Amino acid sequence: MTPVSATANAPSGPVKATGYAWLVVTLLMLAHVLSFVDRQILNLLVGPIRKDLGISDTEMSLLMGLSFAFFYTICGIPLARWADRGSRRWLIAGGAFAWSLATAACGLAQRYSHMLLARVGVGVGEATLSPASFSLITDYFPREQRASAISIFVMGVYLGGGLAFLIGGIVATYAATHGAMTLPLIGEIRTWQVIFLILGAVGVLFSLMLLLVREPPRSSPGSTGIPIREVLAKLKSNRRTLTCHHLGFAVISLAGYGSSAWIPSFYIRVHHWTPYEVGLTYGVILMVFGALGVNFGGRIADYYLRRGVTDACMRVGMWAAILAVPSSLSFLTFESYWGIFAALAAGTFFFSMPFGCAPAALQEIVPANMRAQTSAIYLFVINMIGLGLGPTAVALVTDYVFHDDQAVGQSLMLINVSSLIIAAILLGLGLKPYRESLARQRAAEA
């Protein structure tokens, strides 16, 4: 087989990508790891942050979700338009630098408003990463490898999320037994704030490494952008596909983000695990079974795509939602440690399966010069619904339906099961429209 050079157009035939293309994916995946550590580290620091800032579960959920998600999604669309017209490499590197500075600012927060503003900055910076990365990866890989390649990038979600829990568990345990410390130039600072400063410094240094990524030519030679009216017309022609796709994956995301935000608190409050035990257990599960799940989803989608199942990416999402239902029930009802571990591992595997396939499906139904914008709209929907509403939906049910902090498990069960059933129905309804959208795009390319 003839290898694809690092500067060649992404082919549509059955060829293999180069080692450099996989290096690019690895660098982007590591950036994704850092972004998710910065994003998710709050989830296991609920106790010390609530205590030191004097806030409620609902206020904490806004830090974990909506404050980040709203600006992440709103800024994502204009930044993606830049990615479709300009240098994706510089956009990603600049964004990594910006979100790392904002993460460090979280470590300097002295009151709730400071933390809220810093989280907004993290969201704006991270909005540069995924749409531009999806577009870059698509130009480096042939169609039959894209779901697998994008799944490697998305694996950063689970490696970063797991690492955040491991770090958070250690920090929360240390914070419970140690008071504030004094740092030169900064003064008195709490233990949990130190980790934000360290993460910010690491991210600033890594942002320079992203300049090693070379900008490949786009799949449509000479394409430098597309007028907004044409983008809107293309989206309108695919509205049935995009509605089912975006909402279906977003509702899975709602259950996933709600779970990752409140599972630690559930085991701490109800099962009396220590933050260290939760961080170690859930962190390892996310890193291992989340990474396995997203890679399995991408590979099985590519396997069926090579055999002519053109809607394979949508089907993987539908079946993952169905298979996640029993595990969502069991990890909240088991009492033994290994029963909980097994159920959480299965749930994490199935929750992660669709999220390499979801963006890969989108790259196939739009022209090359609107891939980042289409991805940004997808991210807008799944993050506003998933990240923006997931943690808060669970908190609201706990606070205002059950009126009991100990009922967080019942809240998770109600949100998860109903969300997954709705997601499976939406993705099933989207199979036929997706095949029609794909046929139209391939005809246009031909």
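The residues lining the largest cavity of this predicted model divide into 19 nonpolar, 12 polar and 1 charged. Here Ala, Val, Leu, Ile, Met, Phe, Trp, Tyr, Cys and Pro count as nonpolar, Asp, Glu, Lys and Arg as charged, and the others, Gly among them, as polar.

Residues are numbered from 1 along each chain as its sequence is written. In this predicted model, local features need pLDDT of at least 70, side-chain atom pairs count only at pLDDT 80 or more, and totals for chains, interfaces and linings use all residues, while side-chain values use heavy atoms, with hydrogens and water left out.

**Cavities**

Rolling a probe the size of a water molecule over the atoms shows where empty space is left. On a 1 Å grid over the protein atoms alone, a cavity is a set of points where a 1.4 Å probe fits but cannot get out, and lining residues have an atom within 4 Å of a point. Grid points are joined across faces, edges and corners, and a volume is the space filled by probe spheres set on the points. The structure holds 2 cavities of 30 Å³ or more.

| Cavity | Volume | Largest share of the lining |
|---|---|---|
| Largest | about 510 Å³ | 7 residues, from α11 |

The lining of the largest cavity is made of 32 residues, and Phe36, Val157, Tyr158, Tyr257 and Phe355 lie nearest its centre. Elements giving two or more residues to this lining include α1 (19–40), α8 (146–177) and α11 (239–269). Helices (H or I, at least four residues) are DSSP runs, numbered from the N terminus.

The second largest cavity is lined by Tyr72, Thr73, Gly76, Ala127, Pro131, Ala376 and Leu379. Both α4 and α16 supply at least two residues of that lining. By class it has 5 nonpolar, 2 polar and no charged residues.

**Helix contacts**

Two packed helices are described by the angle between their axes and the distance between the axes. Axes are lines fitted to C-alpha atoms, for helices over the stretch in contact, and angles run from 0 to 180 degrees between N-to-C directions.

The axes of α3 (residues 57–64) and α4 (residues 66–85) come within 4 Å and cross at roughly 30°. That makes α3 roughly parallel to α4, a term for angles under 35 degrees. Ser61, Leu62, Leu63 and Met64 of α3 meet Leu66, Ser67 and Phe68 of α4, where contact means heavy atoms within 4.5 Å.

Helix α3 also packs against α11: their axes come within 11 Å and cross at roughly 145°. Asp57, Ser61 and Met64 of α3 make this contact with Ala261, Trp262 and Arg269 of α11. The contact has 3 nonpolar, 1 polar and 2 charged residues.

**Salt bridges**

A salt bridge is a side-chain nitrogen of Lys or Arg within 4 Å of a carboxyl oxygen of Asp or Glu. By this rule there are 9 salt bridges. In one of them, the side chains of Glu436 and Arg240 meet at 3.8 Å, N to O. This pair links distant parts of the chain, with Glu436 in helix α18 (residues 431–445) and Arg240 in helix α11, 196 residues apart.

How values were computed
Parallel < 35°, antiparallel > 145°, perpendicular 65-115°, else oblique. 1 Å grid on protein atoms, 1.4 Å probe; cavity = no way out; pocket = protein on both sides within 12 Å on 5 of 7 lines; lining within 4 Å.
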